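Hi,

Here is the structure I promised to pass on.

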Amino acid sequence: ANFFSASTPANLHNASYASLDSTDGSAGTSSSSTLASTATFEAAVGGDTLTFNFDYGTYIAAYLSAGQAQSAIAGWTITFTLVNESDSNNLVAFFSIGDTVSNNDPGTGVTELGTLNSSVTGGFVDLTSDSFTTFENIIAGDTYRLSAEITTRVQVERVGVPEPAILSLLGISMLGLAMTRRKI
């Protein structure tokens, strides 16, 4: 009862991108966007649980050129929390979803896509509907804080390949070990 309704829905967007155009080094980025809203809910007699409905669109990919000794990883997480500020910030609802994709040494030359990727129509990521419900009844007159956070992260780096000098030393030590073995 008397639950407020927003005239414009809240929107939260986030993106990360990294590219490594050489066989040495690393490139990465991560970013986080947070939206927090505080409201006083007036529950019906006896209290009711509250269900939050939302839409999200996601798309992640990782690509390595064929045979490259590098690693590429991309991921995202969407998290919602609802706490009762009137009751010592008691957690009343929690929802989290995310996905990770990687393409590791040796590179395949094929773009690896996330398992939870949305469809893309006309260059735009399509939305998926989802929801979550409070763990307990909303208490009349209490103040609640809803927080939403989107985190994206991308990392591309050279895989630890031994330097040629180290490989030469390893080869020389193996040769020495073989020669020692023959003398015995």
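To start with the charges: how many salt bridges does the count come to, if one is a side-chain nitrogen of Lys or Arg within 4 Å of a carboxyl oxygen of Asp or Glu? The count comes to one.

Before the details, a word on provenance: this is a predicted model, so local features need pLDDT of at least 70 and side-chain atom pairs count only at pLDDT 80 or more, while totals for chains, interfaces and linings use all residues. Residues are numbered from 1 along each chain as its sequence is written, and side-chain values use heavy atoms, with hydrogens and water left out.

The salt bridge is between the side chains of E85 and R145, at 2.5 Å from N to O. It ties together distant parts of the chain, 60 residues apart: E85 is in the loop between β4 (70–84) and β5 (90–104), and R145 is in strand β10. Strands here are DSSP runs of E, at least two residues long, numbered from the N terminus. E85 counts as partly exposed because its relative accessibility is 32%, and R145 does so at 27% (buried is under 20% relative accessible area, exposed over 50%, partly exposed in between; 1.4 Å probe, protein chains only).

Also in β10 (residues 143–158) is E149, partly exposed with a relative accessible area of 32%.

Now the inside. The largest nonpolar core has 28 residues, and I78, F80, L82 and F132 touch the most other members. β2, β4, β5 and β10 each supply at least two of its residues, with the largest share, six, coming from β4. (A nonpolar core is a set of buried Ala, Val, Leu, Ile, Met, Phe, Trp, Tyr and Cys residues joined through side-chain atoms within 4.5 Å.) Leaving aside neighbours within four places in sequence, F80 is in contact (heavy atoms within 4.5 Å) with residues including F54, F132 and L146.

β2 runs antiparallel to β9 (residues 128–133), joined by six bridges (strands pair if DSSP finds at least two bridges between them). N53 has S131 as its bridge partner in β9.

Notes: Helix = DSSP H or I, 4+ residues; strand = E, 2+ residues; numbered from the N terminus.
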